[in-house]
Number of protein chains: 2
Amino acid sequence: MSAELAPIRSKPAYRRVADALRDRILDRTLREGDRLPPETELARQFDVHRSTVREALRELQSSGLLIRRPGSKRLAVTRPTPGIIAQGISRALAMHETTYLDVWEALTVLEPPIAESAARRRTRANLERIAAAAQRFAAENADADLAVHHVAAFFRTIGEATRNRVLMLAQEPLLQLLEPSLRAMINRVPQARARIATAQRRIREALERGDAAEARAWMIRHVRDFRRGHELAGLVTTHRVHFRRAAE
Amino acid sequence: MSAELAPIRSKPAYRRVADALRDRILDRTLREGDRLPPETELARQFDVHRSTVREALRELQSSGLLIRRPGSKRLAVTRPTPGIIAQGISRALAMHETTYLDVWEALTVLEPPIAESAARRRTRANLERIAAAAQRFAAENADADLAVHHVAAFFRTIGEATRNRVLMLAQEPLLQLLEPSLRAMINRVPQARARIATAQRRIREALERGDAAEARAWMIRHVRDFRRGHELAGLVTTHRVHFRRAAE
DNA sequence: GCCGTAGGATTGTCGGACAATTCGTCCATT
DNA sequence: AATGGACGAATTGTCCGACAATCCTACGGC
């Protein structure tokens, strides 16, 4: 007979304020680009103290719904960028027992279909961006950090070409987590840059022809190469990924 | 000759405190399960006011690194759960122009390889959880909300069987976003439940046999059915997804 | 019309206060 | 030795108020 009693825990005010604001943003009462009212005004409207409002604001800020535009005082409503979101994902993955092998497996799953889809939907503008990214990688012969950055950018431009936000967002954390090990690999495996450049070229050409099967096939090789290179570099793929991003 | 001057913007104290704490968590100085020191103590250590500390705490709390255990006062260090992370992703996707078609496409990409991988790695325990989830769905003939919940749970158990956090995390937002439209579909398409139950059974059997190809094949059909059902129900797949999750 | 400036508005941070809850410990009871 | 209060200490949630630093704006000068 003992009914399961719902635990009664009225939410603290800062959370109610955050929820209320988030609702206003999601239902577009507050639209993207709008500047938020001043804290004192919000405090007045919600009938709480300004400190309480500020706690709520920090919450929304860290989930990427509010942003302070550089050189501006007021907060503005914004859509969370893939980068911000992926940062949270990357941290979460780094805290769980995620290995480079896991990341690589996910790349294997995601990237070939992404390449395929990109081959079907890419526009002229996409192709230009893809070519530019490949070009930048090919031109960067010194700085490994930059090279790695350009590799990630290449994948991103392909993701954009799919026009599917879900896929773009899904691949972003992989790119973030891949960077450190990719950098190590490029430094230790001499032929790595050339192999990457070749794969990028073949993928790019396939995308230009709209050849989905070929784009997929080369993407598969490209991703497989990452693992090969990883092993050649003596990196252990079952090591846990790590991720830091605080200083800026 | 004009050197690119780095914009000097010393971060506000609440952000520095948040960064410092986040670093301590990521480098495991503060370990999972540890209770955080009291706010006054943190304020003393960082030499800032307690309000400032509280703003930092809200930030970490919303990124899922700190949690208040039910019926507890102190905050505890924790790993962000897939659910929490995916919530942020879902919101982000809902704010961009993400359509149900996008979600469905991502399901098409992700789920078959997940099923394949699960077929290779599943343990006895996984199989039991998968069977239990399928059982719960089959037994739920009334409440559409519950049925939908069980469908998502079925996918989650399969994701767990892959033992790959990245894949698990990638599929979570899809499940969250799928729920509303899936609920509508189940309510409007009479044969939907039966088709889902059949697919679940075939997938489960394939997983039990460790038959990766068959698991993949049935998962493909299963996901395709979602779209068919969607269309049969007269739901427009190019509508934007929406996501709310505030009350609790 | 463009530009600089003064005053107003807004944020970042602080000091302090107090009620409500939870924590921890000590003691009585079974 | 477990169990179950009892109670003061510790901690959080919320508020009030204050002030410097910075951003914003509107006004007046060129």
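In which helix of chain B is L42(B) placed? The model examined here is predicted. In this model, L42(B) lies in helix α2 of chain B, a helix that spans residues 39-46. The residue counts as buried, because its relative accessibility is 3% and the cut-off for burial is under 20%. Beyond four places in sequence, the contacts of L42(B) are L21(B), L36(B), P37(B), D47(B), V53(B) and L57(B). V17(B) gives a further reference point for L42(B). The two residues are 25 apart along the chain, and 9.2 Å separates their C-alpha atoms.

The overall make-up of chain A was examined next. Its secondary structure consists of ten helices and two strands. Read from the N terminus, the order of elements in chain A is α-α-α-β-β-α-α-α-α-α-α-α. Along the principal axes, a box of roughly 65 × 45 × 45 Å holds the C-alpha atoms of chain A. The chain has 248 residues, of which 53% count as buried. Contacts across the sequence were also counted. Of those in chain A between residues at least 6 apart, 73% link residues at least 24 apart.

Chains A and B were then compared. Two copies of a chain are related by a rotation about an axis and a shift along it. Here the rotation that superposes chain B on chain A is 180°, and the shift along its axis is 0.1 Å. The RMSD of this superposition is 0.1 Å. The relation between the two copies is thus that of a two-fold rotation axis. Both copies use the same surface, as 100% of the contact residues of chain B recur in chain A.

One helix pair joins the two chains. Helix α4 of chain A and helix α4 of chain B each cover residues 82-95. Their axes come within 10 Å and cross at roughly 165°. Angles over 145 degrees count as roughly antiparallel, and α4(A) and α4(B) are therefore roughly antiparallel to each other. Their crossing is left-handed. On the α4(A) side, the contact is formed by I85(A), G88(A), I89(A) and A92(A). On the α4(B) side, the partners are I85(B), G88(B), I89(B) and A92(B). By class, this contact between α4(A) and α4(B) comprises six nonpolar residues, two polar residues and no charged ones.

Helix packing within each chain was also described. Two packed helices are described by the angle between their axes and the distance between the axes. In chain B, helix α6 (residues 124-139) and helix α9 (residues 192-209) have axes that come within 10 Å and cross at roughly 165°. That angle makes α6(B) roughly antiparallel to α9(B). The crossing of α6(B) and α9(B) is left-handed. From α6(B), the contact takes in L127(B), I130(B), A131(B), A134(B) and F137(B). From α9(B), R193(B), I196(B), A197(B), Q200(B), R204(B), L207(B) and E208(B) take part. The residues in the contact of α6(B) with α9(B) are eight nonpolar, one polar and three charged.

In chain A, helix α5 (residues 100-121) packs with helix α7 (residues 144-162). The angle is about 55°, and the axes are 7 Å apart. The helices α5(A) and α7(A) are therefore oblique to each other. They cross in a left-handed sense. The α5(A) side of the contact is made of E111(A), I114(A), A115(A), S117(A), A118(A) and R121(A). These meet F155(A), I158(A), G159(A), A161(A) and T162(A) in α7(A). The contact of α5(A) with α7(A) divides into six nonpolar, three polar and two charged residues.

H230(A) sits in helix α10, which runs over residues 212-232 of chain A. With a relative accessible area of 7%, H230(A) is buried. Residues up to four places away aside, H230(A) touches Y100(A), S181(A), M185(A), L235(A), V236(A) and T237(A). G234(A) lies in the segment after α10 of chain A. Its relative accessibility is 56%, so G234(A) counts as exposed. S63(A) is 171 residues from G234(A) in sequence. The C-alpha atoms of G234(A) and S63(A) are 38 Å apart in space.

Methods:
Residues numbered from 1 in each chain as written. Chains lettered and ligands numbered in written order. Predicted model: local features only at pLDDT ≥ 70, side-chain atom pairs only at ≥ 80, totals over all residues. Heavy atoms only, no water. Helix = DSSP H or I, 4+ residues; strand = E, 2+ residues; numbered from the N terminus. Buried < 20%, exposed > 50% of the residue type's maximum accessible area, 1.4 Å probe, protein only. Contact = heavy atoms within 4.5 Å. Axes fitted to C-alpha atoms, helices over the stretch in contact; angles between N-to-C directions. Parallel < 35°, antiparallel > 145°, perpendicular 65-115°, else oblique. Left-handed = near helix turned anticlockwise from the far one by under 90°. Nonpolar A, V, L, I, M, F, W, Y, C, P; charged D, E, K, R; others polar. Least-squares fit on C-alpha atoms with pLDDT ≥ 70 in both.
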